[in-house]
Amino acid sequence: MSFIPGFVGGGSGVSAGRVEFSLDVNETVEVGHVLSSFSGGTYGILRKASSATNQVIGICSDSADRSQTVGVVQHGTTIVKMDSAPASTDNGKSVYLSTTNGIASLTAPSSSGHNVIHLGYLIDADGVSTTPQIIVSIHHIVRLG
């Protein structure tokens, strides 16, 4: 299956430089979870992304229970769920997929069997919130041996 923004799922759009489309989730997700696609899901084709795979598709823009539809942001700015609240001095730093499914981190995975997946750049950290905004720029960097 091809995931082309604007041509997949129940709805799609581009607004203020943001590319987003909608698909069904296979588990409960919240705004800011990092999502991946997979086949064989009973309730949907999206789930929280794992650094053990290289299947990140975007950042969740809605909260939903399994079998419901969520928006997926692939470009622009959006909220992301972090493993801890980044400080304001962290703004501009790269954000990576954590080893915790669906969560982002300022620290890239470093252990064997994980993928380093760049999610974007931090833009509004305040040292309090674990859901800051990022400029989305998703790309796979390397699979660790």
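## Overall fold

Along the sequence, the protein chain reads β-β-β-β-β-β-β-β-β-β. It holds 10 strands and zero helices, where helices (H or I, at least four residues) and strands (E, at least two) are DSSP runs numbered from the N terminus. This is a predicted model, in which local features need pLDDT of at least 70 and side-chain atom pairs count only at pLDDT 80 or more, while totals for chains, interfaces and linings use all residues. Residues are numbered from 1 along each chain as its sequence is written, and side-chain values use heavy atoms, with hydrogens and water left out.

Of the 145 residues of the protein chain, 39% count as buried. Buried means under 20% relative accessible area, exposed means over 50%, and partly exposed lies in between (1.4 Å probe, protein chains only). Contact means heavy atoms within 4.5 Å. Among contacts between residues at least 6 apart in sequence, 55% join residues at least 24 apart.

## Surface

The protein chain has an accessible surface of about 6800 Å², and 48% of it belongs to carbon and sulfur atoms. Accessible areas come from the Shrake-Rupley method with a 1.4 Å probe, and for residues only the protein chains shown count as cover.

Tyr121, Ile123 and Ile135 make a nonpolar surface patch of about 240 Å². Patches are made of residues with over 30% relative accessible area and no salt bridge; like charges are joined within 9 Å, and nonpolar side chains (Val, Leu, Ile, Met, Phe, Trp, Tyr) within 5 Å. Isoleucine 135 belongs to strand S10 (residues 133-143) and is partly exposed, at 39% relative accessibility.

## Salt bridges

A salt bridge is a side-chain nitrogen of Lys or Arg within 4 Å of a carboxyl oxygen of Asp or Glu. By this rule there are two salt bridges. One joins lysine 81 to glutamate 30, with the closest N and O atoms 3.0 Å apart. Lysine 81 lies in the loop between strand S6 (69-79) and strand S7 (94-97), and glutamate 30 in the loop between strand S2 (18-24) and strand S3 (34-37), so the pair ties together parts 51 residues apart in sequence. Lysine 81 is buried, at 18% relative accessible area, whereas glutamate 30 is partly exposed, at 38%.

Lysine 93 and aspartate 90 also meet in a salt bridge, at 2.9 Å from N to O. Here lysine 93 is partly exposed, at 41% relative accessible area, and aspartate 90 is buried, at 12%.

## Aromatic rings

The whole structure has zero aromatic pairs. Rings of Phe, Tyr and Trp (its six-membered ring) pair if their centres lie within 6.5 Å; planes under 30 degrees apart count as stacked, over 60 as edge-to-face and the rest as tilted.

Arginine 47 lies over the face of phenylalanine 38, at 4.1 Å from the ring centre. A charge sits over a ring if NZ of Lys or CZ of Arg is within 6 Å of the ring centre and within 35 degrees of the ring normal.

## Two loop residues

Proline 132 is in the loop between strand S9 (115-122) and S10, and is buried, at 3% relative accessible area. Not counting residues up to four places away in sequence, proline 132 touches residues including Thr78, Ile79, Met82 and Leu122. The C-alpha atoms of proline 132 and leucine 122 are separated by 7.3 Å, and the two residues are 10 apart along the chain.

Serine 67 lies in the loop between strand S5 (56-60) and S6 and is partly exposed, at 41% relative accessible area. Most residues other than glycine have a negative phi. Serine 67 is not a glycine, yet has a positive phi of about 75°.
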